[in-house]
Amino acid sequence: MTPRQTKYTGWLIHSLIWAVVIFMPLFRTSPDRPMMTGPEYVRFLMVPLSFMAVFYLNYFLLIDKFLARRRMGAFIILNILLIAVAMTAVHLLFRYVLPPDFHRPHGMRPIMDSLVFFGRNALMYVLVAGASVAVRMTAGWYRAESERKELEHRRSEAELQNLRQQLNPHFLFNTLNNIYSLIQIDPARAQIAVHDLSHLLRYVLYGGDREEVPLQDEINFIREYIALMRIRLPRHVEVSVELPEAPAGQMIAPLLFISLVENAFKHGVSNDRPSSVHIRIAVEGSRLECVTVNSCFPKAQGADRSGSGVGLANLSRRLELLYPGKYELRYGQEGEEYRAFLSIDLRK
């Protein structure tokens with residue numbers, strides 16, 4: 001709900017409550033209590049109207065100027081004066097302006113009855129003033145909480161956008177490194193790789209800015225990236241890939257798997273030693289799993305360490321923002337292999 005809608009809803013609630021208070025006597029009839037006459041109803045209206053005056057003078061003026069600024073003493077004194085003025089004004093109206101109450105016997109009230117009547121009325125006005133404080137403070141808290149959540153949402157969106165922008169050059173840098181190596185070995189295949197890269201970049205640049213993409217599009221992107229990586233692999237590298245056909249309509253945040261797949265090729269392939277890269281993505285109901293297992297050939301000190309650690313750190317933060325409490329990410333070296341496991345619950 002937007003702040004404007006919240007404001008209108010609040011005033012609608014105010015209007016309904018006061019309407020019930022003001023029109024209630026018109027619906028409370030019985031054989032021994034007939035409907036009010038016009039003059040009687042006008043006399044009745046003076047009381048809720050005085051309540052409204054106390055309520056909204058507090059709501060719009062006294063709470064902001066005194067209570068919110070921690071001037072409690074001034075706030076209490078002004079409310080005492082306000083209640084005294086309201087009660088006096090209603091009493092004078094009943095006595096000198098509006099028709100008398102014919103249901104009450106003429107004569108003076110006993111002093112005790114007068115005190116009880118005065119105390120009861122004063123308590124009602126105090127409760128009205130207290131209700132004004134409670135409603136205003138609750139509305140202020142709700143507004144502040146809404147603004148805090150909106151600010152947090154915008155901060156998260158800005159951070160996600162920054163992470164996406166960070167991911168794009170990281171992906172491009174690693175892929176261009178592969179193509180650069182291929183140019184020296186097979187220029188013709190390098191031309192094909194550049195063409196394939198342009199197609200991948202189109203997805204990264206345009207699909208990567210969307211909140212969600214069809215899961216099948218994301219899987220197709222991984223399939224094309226793996227095909228591009230295969231072009232320059234030595235014969236002794238074993239690659240196995242299992243990619244599913246995603247259910248129609250299944251959506252996911254873009255570019256969640258690419259960091260895991262990149263790392264598997266970047267750190268799992270040796271130019272002169274037997275190597276392996278195994279990639280599996282599976283969909284089971286609403287749960288999506290991605291597993292990569294590769295031989296482990298850490299970069300030597302001083303060797304190309306482009307983007308080292310950026311991809312996985314980026315992925316971890318994006319998952320925390322996009323799927324809090326609904327994902328599991330594990331990665332690390334196990335013996336001579338490096339394993340990464342990502343599981344996401346895609347239920348809304």
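Author: Helices H2 and H3 are roughly antiparallel to each other. That label applies to angles over 145 degrees, while angles under 35 degrees count as roughly parallel, 65 to 115 as roughly perpendicular and the rest as oblique. The model is predicted, so to speak of local features requires pLDDT of at least 70, and side-chain atom pairs count only at pLDDT 80 or more, whereas totals for chains, interfaces and linings use all residues. Residues are numbered from 1 along each chain as its sequence is written, and side-chain values use heavy atoms, with hydrogens and water left out.

H2 covers residues 38-67 and packs against H3 at an angle of about 160°, with the two axes 10 Å apart. Axes are lines fitted to C-alpha atoms, for helices over the stretch in contact, and angles between N-to-C directions run from 0 to 180 degrees. Helices are DSSP runs of H or I with at least four residues, strands are E runs of at least two, and both are numbered from the N terminus. The crossing of H2 over H3 is right-handed, the term for a near helix turned clockwise from the far one by less than a right angle; anticlockwise gives left-handed.

On the H2 side, the residues that meet H3 include Arg43, Val47, Val54, Leu62 and Phe66. Their counterparts in H3 include Phe75, Asn79, Leu82, Ala86 and Val90. Those five H3 residues are also among the buried ones, along with Ile83 and Met87. Buried means under 20% relative accessible area, exposed over 50% and partly exposed in between, with a 1.4 Å probe and protein chains only.

H3 itself spans residues 72-97, and its 26 residues reach 36 Å from first C-alpha to last, close to the expected 38 Å. The expected span is 1.5 Å times one less than the number of residues.

The crossing of H5 past H6 is left-handed. Contact here means heavy atoms within 4.5 Å, and among the H5 residues that meet H6 are Arg189, Leu197 and Tyr203, while Phe221, Tyr225 and Leu228 are among those on the H6 side.

Five strands form an open sheet in the order S2-S4-S5-S7-S6, with mixed pairing. S2 (237-242) and S6 are the edge strands, each pairing on one side only. The twist averages 5° from one strand to the next. Two strands pair if DSSP finds at least two bridges between them.

S5 (residues 287-295) and S7 (residues 337-345) are antiparallel over nine bridges, and Leu288 has Ile344 in S7 as its bridge partner. S6 (residues 327-334) joins S7 through eight bridges, also antiparallel. Gly332 is bridged to Arg339 in S7, and Arg330 stands opposite Phe341. The S6-S7 hairpin leaves two residues between the strands, and Gly335 takes a positive phi near 65°.

Helix H7 (residues 258-268) lies across S2, S4 (275-284), S5 and S7, running at about 10° to S5.
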